[in-house]
Every structure is written in structure tokens, then in C-alpha cells.
Amino acid sequence: MPGTAQPFPADLLLTGARVHTVDPDLPEAEALAVHDGRIVWVGSDAGAEAWAGPDTERIDAGGKLVLPGFIDAHNHVRLGSDADCVQLAGVRTLEGIHEQIWAWHVEHPDAEWIEAEAFDYSAIPGGRMPTAADLDTVTGDTPAIVLSYDVHTAWLNTAAMRRLGVTRDRTDLPFGTAATDPETGEPTGFVKDFAVKGLSRAGHRALRDLGVPWASPERQYGRLAKSLDDAIGFGITTVVEPQNSLDDLELYERARAEGRLRSRIVAALFHPRGTTEAELDSFAAAARRYAGDRLRVGPLKLYIDDVVEPRTAALLEPYAGCGHHRGETFYPAEEFAELLAGLDARGFQCFVHATGDRGIRTVLDAVEHARAVNGPRDARHQVVHVECLDPADVPRFRELGVVACMQPRHCAPEIAGPGQDWAENVGEDRWHKAWPMRSLHEAGAVLAFSSDWNVAEMDPMVGIYTAVTRRPLGGGEPWQPAETVDVATAVHGYTMGSAHANFLEADRGSLTVGKAADFVVLSRDILTVPADRIPGTIAETVVVAGEVVHRVA
């Protein structure tokens, strides 16, 4: 009550705010008090003064919207974006790619490698995949490696194939699978399975040992540090980094020691095919070692299929215009079901990459098998991406307790819609299956929203805008608008949904007494402004554990 003495003064007092708590028991407030890193009171401005003391730090929000800190449930901060690479994001033609690479090469004539990132599959004419010949004219004898925007494939020139030992007799590589010409049997320069193999512990070590600068520890740390700075600037107070090896954990320790780890981290460990019981023991030991609220290790990342754009996701029916080709799963269904049941029995939570409707169904079937074998438990296994979902499988997420970890930006028309590789490969008769966020939400599934940086923009405002409109970022016609959600639901996906998905709901995700004081003051009220004004909204003040860690002057 106003004027009532409190047992201790607040360390931090926020007033003058429109606090959207994401707590149904107290949805709105004007003020909150923080002590020892936790919220001790939420209420009205009139009641706030009772918590003030001579040393209390104050934040006057000036009537602005305050939300719980965003929890990005799938953010590759360790991969990041690399300033030493040629940047190809937004380049939509092969000629444009040539221009960017040539310009970089002219500026760096003594570079031992040409490295580029974020090439878009649709830039290659005729719907084909790129070849070494497409690069050789602008790279010459300097080895070149170009990563796709989703980091699922790599594109090499002839010099890089020589340097990396890619031949017609050596296409099963430690960092991927080299595509071959169906007529000659020679490697084309296109490498599939890079996310599964190249980003694994063994694959990364192989690239490093072969002299690819991108894979060096110092370059890795540079990407991580920059991405962590970006994350806190966007109001992301918890980052779930979905794919790490044990080698990578020292990077987070370094970031913490150097003061760059301002966001909290949940680091999942990569479980490639062939992971041994001894390695699982090491994973479990790492989870025990890193169990704090600032850096936690524990979930496992697996793949069941790849991605739609190069037609490597697993579909129930053939790809449009591809005869009988439906893509492949990385495991036979029965083997994957037994694998997941074994991991479930050991108490691991699994994040499973699945984009195609057959891939997603295979994961759901495996979870159902695990529950039958081990008995139901609150495992919160995740299907990550959920891009093409058969309507028959929508209710199974709630029934099986499976989280839908989704990236709204991926369904933007200019990325996946008509005329883009995703939509064309799936075919118009299956577009209704694309990112069915509303259907899943209405069926009672837990939605955990995320960016998938650096595949897409990290800014939660971009993801929320796309979830709400399914329009291009610059405006235009929506794609599959029946699957939009409202702003409050999108915010929930970036806060309590992602908290629940990662067993954090008792500590984060809402502004509730007893929880960690992680919150963000936004420059606009995204709950009330027109949707087209959501992008460009900035995090003016970001607080983690009651400490202001970012402020826009």
C-alpha cells in the first residue's frame, strides 16, 4: 500500500511505465521494484515510493512500454556474421555475387582465402545449385568458400576444392557431402550437409586444420562477441545458442571474463550421428558444470532433415516439378525413434531441426515412441523450424508436449513466398502448410519464437512484425495471412513461450514478483501502434538481473 514501510529499499525502481507483464494474474502495471537482482514488487506508481531509499536507482519510463526481456530461443550467436567475409545478404543475382566478390578481391589482393557468407539460392539462375565454374571467373587461383544464408551448404571454387581435397573419389568430407555431376561423376563445387558436418566438432576442426581462416578460434570469438553486443542492444536478455561442441564452451567463458556476456546463455550441445555413450557422458558432465543462471549447458541438438531451398528437407510428397524426389531424413524413422527414446531415458531435452512435413512427422512419431517406452515426462522436446507442417500433425504438438520453436521472419514473402525457392519447391497446393503459427497456437501448442540469427535478422521487432502481418519487411501483400498471430501472442512467443521451452518459466519470461529482473523499455508501444511501425522500434533501456546493461542516450 502507498506509504507502507517495506522490509528493505529497492536497488532499482522503475516508474512511469506501461508494464506489459506477460503474467495473466497481473497483466498490466505502472511500476516495479528490484532487490538483489529480482523483482520484489509490481504495481502502481502510487505504491512505488514506499520502495524508494536514498541509494535506489530510478528509471522513469516516461509512459513507454516495458516488456520482459526477450528470450531468443534459437540464435546462433557463436556463428554470427563475420566482418572479414564478403557480405552477400540481399544480393539476388549471380552477377551481383560476382561484383561483390570481385570488389572484395581487388581490395584484398594478397588474401590467402576468399570467404563469403549469406548467398541466396534464388540468385543462381534456372533454379539450379551453384558450381565451382560460377566462382572461378572472379576468384582465379585464390581458394574461395561461400556459405549459404542458412549455413546449410557451402560453395567452393576449383582452387578451394584442390586445397580441401575434394575429388570424385572423396566426396564424403568431414565438413559436408560434395555434390557430383550426374554425367561425369566429378564434384561440382557445391557441398551439402554443411550444417550437420561442417559445424560439428570434427568438421570445424577439419576446416581449421586445413587452413580455412573462418574456422579459427579468434574469428569464432570475434563473431560471438559482436553478436552478443547486438543481442543485448535488441533487448534479448537470454540467448539460446542451439548448436555447440564442447570445444566452444571456452568461448563463452572468455566472453564472460571480458564482460561481453551481458545476455544470459543457454547452450545446446550438438549430437551428430555417431555420437557415443562416452560423449553423452561428457555432455552430461558439461551440463553439471555449467548450470548457472548466466551460462547453462544441457539440451542436445539433432537433425532429422535439412532445408527446403536445395530440396534436402524431407517431404511427404515429391517436390514440385521433381518427379519422385521427396528429400531424405538423416536417420531411418525406426532408428531415430530408438535414438530419441534412449536420449529421453537419460533425461536429455532434444532440439530437433525439422523443416519438411515428413521430417516433422518423423520427430513427432519418435517422441510418441519415447513416451510409450519410457513413460510420459515433462521433456519439452522441441521441433525447431516447423516450416512445412501437415495439418494432421498440428494437434500432436500439444498432445505430446512438444514445443514448436519457430522463426517468424523465415515465412516473409520476400524470403519464402511466391517466386522464392521455398514456395516454388513446395508447390502452391502445399502453401497452406507454411509456418502454421496460428493453427498451432489455437491447438494449444507452446510457441517459442526466435530469430535464427545469422540466417535472419536478430531484432525481435522484425520477427514480431512478420508473425503479425506475414508481409514483406518494407510493406506489401501478405502471404498466408490466415496463419498470422496478434502482437500479444507474438510477444508471448518471445518471452514466456521461450522461457517455458527452456525450463526457465519459474525465473524468466514474465515480470512477476520473485523472478529475475530482466526487462526492456521500448521506444514505441508495439501493442498499440500500427503494425508497420513495429520495425524500427528500439530497446532504449535493457536491464538484466536488476542492472542496466544497455541504454540509448
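Leaving aside residues up to four places away in sequence, Asp518 is in contact (heavy atoms within 4.5 Å) with Pro68, Gly69, Thr237, Arg264, Arg508, Leu511, Val543, Val544 and Ala545. This is a predicted model, in which local features need pLDDT of at least 70 and side-chain atom pairs count only at pLDDT 80 or more, while totals for chains, interfaces and linings use all residues. Residues are numbered from 1 along each chain as its sequence is written, and side-chain values use heavy atoms, without hydrogens and water.

**Asp518**
- Asp518 is in the loop between helix H18 (496–501) and strand S23 (519–522); helices (H or I, at least four residues) and strands (E, at least two) are DSSP runs, numbered from the N terminus.
- Asp518 has a relative accessible area of 5% and is buried, a term for under 20% with a 1.4 Å probe, protein chains only.
- The side chains of Asp518 and Arg264 are joined by a polar contact of 2.7 Å (a pair of N or O atoms within 3.5 Å, where one must be able to donate a hydrogen and the other to accept it; residues adjacent in sequence count only if both atoms are side-chain atoms).

**The sheet**
- An open sheet of seven strands has the order S9-S10-S11-S12-S15-S14-S13, with mixed pairing; two strands pair if DSSP finds at least two bridges between them.
- Strand S9 (86–87) and strand S13 (172–173) are the edge strands, each pairing on one side only.
- Strand S10 (residues 114–119) runs parallel to strand S11 (residues 144–148), and five bridges join them.
- In S11, Val146 is opposite Ala116.

Conventions: Buried < 20%, exposed > 50% of the residue type's maximum accessible area, 1.4 Å probe, protein only.
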